[in-house]
Amino acid sequence: MFRATGYARDQEVTLRYGWHPNRTLFVEYGFVNAIKSEELMAGMYPGEVNVQDIVTDLLDQQGDAGTFVRRPLTQKGIGGN
C-alpha cells in the first residue's frame, strides 16, 4: 500500500499530466478535458495535435501509391486502422 507523507488526511491532491490531446488522456487515464471551441481557437490549449485520421484518409485516396507509402508505417505500428 502506498502511503503519502506530508499531506493532511482530507487534503486535495492534484496531478499534472502535461499537454496531451483528449484522445490520449481518455485512453491512458480515463478522462477528457472539457474545452470550449472559443478557448481552443484562442490558443489556450497548446497540446499535441493528432492528425493520424487525416493522413490515413489522404493516403487511402492515393490508391496504389498510398498503399506503398502506408506499408512500412503499418509494419512499424504507425498509421494502421
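Predicted model: local features only at pLDDT ≥ 70, side-chain atom pairs only at ≥ 80, totals over all residues.
**A friendly note on this helical model**

1. Residues are numbered from 1 along each chain as its sequence is written, and side-chain values use heavy atoms, with hydrogens and water left out.

2. The chain has four helices and zero strands, so defined because helices (H or I, at least four residues) and strands (E, at least two) are DSSP runs, numbered from the N terminus. Of the 81 residues in the chain, 9% count as buried (buried means under 20% relative accessible area, exposed over 50%, partly exposed in between, with a 1.4 Å probe and protein chains only).

3. Back to our pair: how many salt bridges does a search of the whole structure find? The search finds one, and in it the side chains of Asp60 and Arg70 meet (2.5 Å, N to O). Asp60 lies in helix H3 (residues 52–60) and Arg70 in helix H4, so the pair ties together parts that are ten residues apart in sequence. The term salt bridge stands for a side-chain nitrogen of Lys or Arg within 4 Å of a carboxyl oxygen of Asp or Glu. In general, side chains of opposite charge can pair when their charged atoms come close.

4. Are the two partners buried or partly exposed? Arg70, at 15% relative accessibility, counts as buried, while Asp60 is partly exposed with a relative accessible area of 46%.

5. Now look at the rings, where a search of the whole structure finds three aromatic pairs. The ring centres of Tyr17 and Phe31 are 5.1 Å apart and their planes are at 65 degrees, so this pair is edge-to-face. Rings of Phe, Tyr and Trp (its six-membered ring) pair if their centres lie within 6.5 Å; planes under 30 degrees apart count as stacked, over 60 as edge-to-face and the rest as tilted.

6. Tyr17, Tyr29 and Phe31 form one aromatic cluster. Tyr17 is partly exposed at 32%, and Tyr29 is partly exposed at 42%.
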